[in-house]
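Trainee: Before we start, let us go through how the labels are assigned.

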Amino acid sequence: MTRQPWSPIALASAASAAIALAFSHSPPAAAQSPVDPARGRSLYEARCGGCHSLDANRTGPLHRGVVGRPVASVPGYDYSPALRRVGGTWTADRLDAWLQGPQRMAPGAKMYLSVPGAGQRRDIIAYLASTSPARR
């Protein structure tokens, strides 16, 4: 009996299945690194600092106190109509959704950049929360 070589289609299918299997399992929760506000500060400065500051409006609004603050409420900043329509309060969960895709949350908003890494978003949000006053 002679063995037939793999056809290119069969080989490609097998490779695709192996890749899909490798990426279909998410890492266990224990594999996530702990939230690190200090790392969040570095990420904030590198990823957000070009347009934002904690204490001054720039291309984007100031961020000190953002966690717990009503959306689109910084005095003196000209928010887009899209973000003004969002309403509500900036919570950690809402900031996470915003950083995943500002245009998904508020199509037509001024911000287009996103932070794709969940760990990076958690750290940035933890840093922002550490700069926000405690709410009663």
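Trainee: Why is Cys51 called partly exposed?

Mentor: The model is predicted, so local features need pLDDT of at least 70, side-chain atom pairs count only at pLDDT 80 or more, and totals for chains, interfaces and linings use all residues. Residues are numbered from 1 along each chain as its sequence is written, and side-chain values use heavy atoms, with hydrogens and water left out. Buried means under 20% relative accessible area, exposed over 50%, and partly exposed in between (1.4 Å probe, protein chains only). Cys51 has 32% relative accessibility, so the label is partly exposed.

Trainee: What makes Cys48 buried or exposed?

Mentor: Its relative accessibility is 12%, so Cys48 counts as buried.

Trainee: How many disulfides are there?

Mentor: A disulfide is a pair of cysteine sulfur atoms within 2.5 Å. By this rule there are zero. For Cys48, the nearest cysteine sulfur is that of Cys51, 8.9 Å away, and Cys48 is in no disulfide.

Trainee: How do you know where the buried residues of α4 lie around the helix?

Mentor: Helices are DSSP runs (H or I, at least four residues), numbered from the N terminus. In α4, Leu95, Trp98 and Leu99 are buried. Seen down the axis, the buried residues of α4 fall within an arc of 95°, so they line one face of the helix; the arc is that of the directions from the helix axis to the C-beta atoms.

Definitions and conventions. Helix = DSSP H or I, 4+ residues; strand = E, 2+ residues; numbered from the N terminus.
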